[in-house]
Amino acid sequence: MTFLAFGELMLRLSPPGRELLMQTPKLDVWIAGAEANVASALARLGHDVAVASAVPDNDLGRAALTSLRGSGVDTKGILLRGERMGLYFVTSGAGLRATEVIYDRAYSSFAETPTEAWDWDALLDGVDRLHLSGITPALGPVPAASAIAAAEAAAAKGIAISFDGNWRGKLWERWDSDPRRILAQLVAHADLMFGNHRDIALLLDRDFGSDGEDRRREAVDAAFAAFPKLQTIASTARHVEHVDLHRLSARIDTRAGHAQTEEVVLAGIVDRIGGGDAFAAGVLHALRRGGDIGEAARTGLALAALKHSLPGDASLFRQSDIDAYLAGGLDVRR
């Protein structure tokens, strides 16, 4: 059976190294997109994966298709239409200077694709899990309607749905949106959610007054009560010392209990963008292989930690890399 991700494919442009944007007239370019990042990571881990999206029929769109195919992703569900590729610019931080993101995604091929253009009967044929994120509905009313239509079509077919909150305030602010109402419609169809207490607070319009693990459990219990289909919530907790030194842990909650990892220290970070997508892929990978929630939390954290060692958005790691990470030891592997 196939895993299907639905979302925008983009180009990420970044100045080399730790330079400021346009400090010198050079930009590094990577294929990007939260849902595609999850899909390509799962494909590299041996799963049958497809992506539904839309890109222009030009060199930029074809480069995105080539990149996904190189990871083993089925791209037959990607429409060739429209005139422009969504872009975003990432200026990597350093020391006490934070990383900064600028979006240039308005009127992209994906954002302009009408809801009726997606043939969900065909796209969902043979699919056993649909993956969505909160980025797609943040792009505007048409992508929001398309994401809801995808979730409703999958739910009608009994297909499991995973949803990553991926809050993007800069995108939601661009249009007269109602994030809580829209996101709640998507979460209502999901059995698996990636998000923390802040995502749940947004969905439910409430604060959670406890601290630490008590606050996280209070939040997930509230989410489970509000969304009957929801069975599992996976999240990370990140403590930022400075741009190059973070501490990261992972947690998975179910209605019956939870699994919590120890914190790992991420030092000498190359690029944190895409770490959440790698975490989602690691969790899905472990669960699809029949692992329990403890294994899923450890695997998700492992893939997220490894992603921090790579430039660009996508995780390029295989199962052997996860095994080596979990085995420990940083000496040269000869």
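The points below go through the sheet, the nonpolar cores, several individual residues and the salt bridges of this predicted model.

1. The open sheet. Four strands make up an open sheet with mixed pairing, and their order is S3-S2-S6-S7. At its edges lie S3 and strand S7 (100-104), each of which pairs on one side only, and the twist from one strand to the next averages 25 degrees. Strand S6 (residues 86-91) pairs with S7 in the antiparallel sense over five bridges, and within this pairing tyrosine 88 has tyrosine 103 in S7 as its bridge partner. In general terms, it is through backbone hydrogen bonds that the strands of a sheet pair, whether parallel or antiparallel.

2. A loop residue beside the sheet strands. Threonine 24 sits in the loop that runs between strand S2 (10-14) and strand S3 (28-32). Its relative accessibility is 26%, so threonine 24 counts as partly exposed. Once residues up to four places away in sequence are set aside, threonine 24 touches Pro16 and Glu19.

3. The nonpolar cores. The largest nonpolar core comprises 50 residues, and Leu9 and Phe194 are those with the most contacts inside it; helix H11 (residues 293-307) gives the most to this core, contributing eight residues.

4. Asparagine 37 belongs to helix H1 (residues 34-44), and it counts as buried because its relative accessibility is 4%. Leaving out neighbours within four places in sequence, the residues in contact with asparagine 37 are Ala32, Asp277, Asp313 and Ala314.

5. The surroundings of serine 235. Serine 235 is part of strand S11 (residues 232-242) and is buried, its relative accessible area being 8%. Beyond four places in sequence, serine 235 touches Gly195, Asn196, Arg216, Ser249, Ala250, Arg251 and Phe279. With one of these, arginine 216, the side chain of serine 235 makes a polar contact of 3.0 Å. As for phenylalanine 279, it is 44 residues apart from serine 235 along the chain, yet their C-alpha atoms are separated by 8.6 Å.

6. A salt bridge between partly exposed residues. The structure contains 20 salt bridges, and one of them joins arginine 181 to aspartate 178, with the closest N and O atoms 3.4 Å apart. Both residues count as partly exposed, arginine 181 with a relative accessible area of 48% and aspartate 178 with one of 35%.

7. Arginine 217 and aspartate 253 meet through their side chains in a salt bridge of 2.9 Å, N to O. Because arginine 217 lies in helix H9 (residues 212-226) and aspartate 253 in strand S12 (residues 245-254), this pair ties together parts that are 36 residues apart in sequence. Aspartate 253 also forms a salt bridge with arginine 251, where the closest N and O atoms are 2.7 Å apart. Relative accessible areas are 18% for arginine 217, 1% for aspartate 253 and 1% for arginine 251, and each of these residues is buried. Through shared partners, salt bridges join Arg217, Asp221, Arg251 and Asp253 into one network.

Note on methods
Residues are numbered from 1 along each chain as its sequence is written. This is a predicted model: local features need pLDDT of at least 70, side-chain atom pairs count only at pLDDT 80 or more; totals for chains, interfaces and linings use all residues. Side-chain values use heavy atoms; hydrogens and water are left out. Helices (H or I, at least four residues) and strands (E, at least two) are DSSP runs, numbered from the N terminus. Buried means under 20% relative accessible area, exposed over 50%, partly exposed in between (1.4 Å probe, protein chains only). Contact means heavy atoms within 4.5 Å. A nonpolar core is a set of buried Ala, Val, Leu, Ile, Met, Phe, Trp, Tyr and Cys residues joined through side-chain atoms within 4.5 Å. A polar contact is a pair of N or O atoms within 3.5 Å; within protein, one must be able to donate a hydrogen and the other to accept it, and residues adjacent in sequence count only if both atoms are side-chain atoms. Two strands pair if DSSP finds at least two bridges between them. Axes are lines fitted to C-alpha atoms, for helices over the stretch in contact, and angles run from 0 to 180 degrees between N-to-C directions. A salt bridge is a side-chain nitrogen of Lys or Arg within 4 Å of a carboxyl oxygen of Asp or Glu.
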